[in-house]
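Please look over the sequence and the model together before reading on.

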Amino acid sequence: MRPSDSDKPPYVAEIEKLEADHRNNVKVRVRWYYRPEESIGGRRQFHGAKELFLSDHFDVQSAHTIEGKCIVHSFKNYTKLENVGPEDYFCRFEYKAATGGFTPDRVAVYCKCEMPYNPDDLMVQCEGCKDWFHPSCMGMTIDEAKKLEHFLCSDCSSEDETKRPLNSFHVSPPDEAKVKTLYTHLVNFYMILLVISASIVSPS
């Protein structure tokens, strides 16, 4: 919907009802979506560029303020979009305009920074713990992260290093080597006994 200030982006609302007065002026009853920067808490790091909050703020506006149609996806469906167009938005929170409260008030967090998922940010999944990580939090650039074929986070990498020696080589020789070593020692010992016996039997 067209904003009063032309420098601002369009307002987004859900149309609840269309009605006309006695002069045939068409009015629309709307339920407003808020952008993160319009909320009491403001925009935070995990908020996506196309994120909206479905508010409990209802209003009646002239139908002439409608500029066009857009699509507000669920968070799950938005993350599956191959291409995000200018008409695509997403919503994962309901917002109470008077108090600044959100529903749900808790969401899953990821990475070492323990932040909710922002669909605009690239994340890589650890093959060990299956958690997701921001490349910057793991000391990588985005280009480096895109080239990865396999990824282990620092915790899983440490565990893998401690396990790897036991899996990659034997700490002690295999049984076959032990048998050969024992056989060699026995032969040498037998030869020494023969030399000692010969020296005892032969005349001085």
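## Terms and model

Strands, as the word is used here, are DSSP runs of at least two residues marked E, and they are numbered from the N terminus. The model is predicted, and what follows should be read with that in mind.

Gly48 sits in the loop that runs between strand E2 (26-34) and strand E3 (51-62). Because its relative accessibility is 0%, and buried means under 20%, Gly48 counts as buried.

Which residues is Gly48 in contact with, leaving aside its neighbours within four places in sequence? They are Arg43, Phe90, Asn118 and Asp120, where contact means heavy atoms within 4.5 Å. For Phe90, which lies 42 residues from Gly48 along the chain, the separation between the two C-alpha atoms is 8.7 Å.

## Backbone geometry between E6 and E7

Most residues other than glycine have a negative phi, and most peptide bonds are trans. Against that background, the loop between strand E6 (102-103) and strand E7 (124-125), in which Pro104 lies, deserves attention. The peptide bond that leads from Thr103 to Pro104 is cis, and its omega is near -5°.

The loop between E6 and E7 also holds Cys111, a residue other than glycine whose phi has a positive value, near 70°. Glu114, too, lies in the loop between E6 and E7, and its phi is likewise positive, near 55°. As for accessibility, Cys111 counts as buried because its value is 6%, whereas Glu114, at 57% relative accessibility, counts as exposed because the cut-off for that term is over 50%.

## The enclosed space

Rolling a probe the size of a water molecule over the atoms shows where empty space is left. In this model the count comes to 1 cavity of 30 Å³ or more, and the largest cavity holds about 30 Å³ of space.

What lines the largest cavity? Its lining is made up of Gln45, Phe46, Met115, Pro116, Asn118, Asp121 and His134, and these residues divide into 3 nonpolar, 3 polar and 1 charged.

Definitions and conventions. Residues numbered from 1 in each chain as written. Predicted model: local features only at pLDDT ≥ 70, side-chain atom pairs only at ≥ 80, totals over all residues. Heavy atoms only, no water. Helix = DSSP H or I, 4+ residues; strand = E, 2+ residues; numbered from the N terminus. Buried < 20%, exposed > 50% of the residue type's maximum accessible area, 1.4 Å probe, protein only. 1 Å grid on protein atoms, 1.4 Å probe; cavity = no way out; pocket = protein on both sides within 12 Å on 5 of 7 lines; lining within 4 Å. Points joined across faces, edges and corners; volume = space filled by probe spheres on them. Nonpolar A, V, L, I, M, F, W, Y, C, P; charged D, E, K, R; others polar.
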